[in-house]
Amino acid sequence: MALVGLAVGTALLAVLVFRASVWACLLCFTGYSERLRLCHMFVDTEGPQVGRCEEALTAAFGGLSDVEINYEERGHLHDAFAQMILSLQEVAAAQGSYKAVFPEAAEKMKKTILKLKEAQACVPPCGVQEGTRRFRCRGCYSSICDLPLDCPVQDVTVTRGNQALFSCVVGFQLPLPELTYSWKFAGGGLRTQDMAYFRDVPGSHGPLARIRPVQPTHRGTFSCVILQDQRPLARLYFFLNVTGPAPREEMELQVTFREVMSWAPREAEVAEPGRPSLGELLAQPRALTLGNLCLLGATAALVSASVTLLVW
């Protein structure tokens, strides 16, 4: 008996789920008590006729089971269903027939839904796009585009010494209030989307970041996170590749440095011995020998004769 009861309960649950999926839009915006009271007003009796009235209401709104609307339009659609219930109650009070009025009410509701503002289309490839949020009548829930938070890495090539400019802009509409931007950098020439390698870039808080002049140490991945009230909406990545030769002044300094490092000192010059003067020779020991005295006398006589001749 327990198994039979479980099977019956499961079957009833399946029927209820199936019926809810068929008239889900009506289920989302009207209450069960409202619908039951409406059928009581049309039938004015208890019994099978009330059930047939509910079935007629289900069948009339079966075409609205897969309706999707802009999430911001939920209030308008709720008001439209409330107005519809009031109109049907007036018809019931006037002894009208639900078999004729239910399809007419469903058709008017379809036209009302077509006039609602549509949800924004998803803009790939990334981002939490709140403007695309839709309300789905089948299940009475909302959803947004199923896109990743991280955007693909963009390549930026800049010549050394020039300026690098990064723009933290996405293709979808952002909610304007309370937007903030956070910039990070993963250096060492690393191309990555792993936030464990990134460090904060001080002084950069807006949608634009500028580096001037670009140096080889700037080669790496820059990341910009767009946040609303501390909730990330998108994460952009820019890989900066620095190319080109070094500036002229730096190249000249490098050339000079290489010349200094390759310079070798010349061999030390050999000093020639100095020639002593006459006084130094005479001051040396044993300088006034007999031979030296004769030589000095001959030299003095030669000098005297030379002077005499020059005078004459």
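Biologist: Strands are DSSP runs of E, at least two residues, numbered from the N terminus. So where does P213 lie?

Modeller: This is a predicted model. P213 lies in the loop between strand 8 (208-211) and strand 9 (220-228). The peptide bond joining R212 and P213 is cis, with omega about -5°.

Biologist: Switching to phi. What is the value at Q95?

Modeller: Near 65°, which is positive, and Q95 is not a glycine. Q95 is in the loop between helix 5 and helix 6.

Biologist: Is Q95 buried or exposed?

Modeller: Exposed, at 71% relative accessible area. D229 also has a positive phi, about 55°. D229 counts as exposed at 56% relative accessibility.

Biologist: Now helices. At what angle do helix 3 and helix 4 pack?

Modeller: About 120°, with the axes 9 Å apart. That makes helix 3 oblique to helix 4. The crossing is right-handed.

Biologist: Which residues make the contact?

Modeller: Helix 3 gives Y32, R35, L36, C39, H40 and V43, and helix 4 gives Q49, V50, C53, E54 and L57. Seven are nonpolar, two polar and two charged.

Biologist: Which members of the largest nonpolar core touch the most others?

Modeller: F61, L77, M84, F102 and M109, out of 32 residues. A separate core has 25 residues, including V156 and I226.

Biologist: What does M109 touch?

Modeller: F61, L64, L77, A80, F81 and M84, leaving out residues up to four places away in sequence.

Note on methods:
Residues numbered from 1 in each chain as written. Predicted model: local features only at pLDDT ≥ 70, side-chain atom pairs only at ≥ 80, totals over all residues. Heavy atoms only, no water. Axes fitted to C-alpha atoms, helices over the stretch in contact; angles between N-to-C directions. Helix = DSSP H or I, 4+ residues; strand = E, 2+ residues; numbered from the N terminus. Parallel < 35°, antiparallel > 145°, perpendicular 65-115°, else oblique. Left-handed = near helix turned anticlockwise from the far one by under 90°. Contact = heavy atoms within 4.5 Å. Nonpolar A, V, L, I, M, F, W, Y, C, P; charged D, E, K, R; others polar. Core = buried A, V, L, I, M, F, W, Y, C linked by side-chain atoms within 4.5 Å. Buried < 20%, exposed > 50% of the residue type's maximum accessible area, 1.4 Å probe, protein only.
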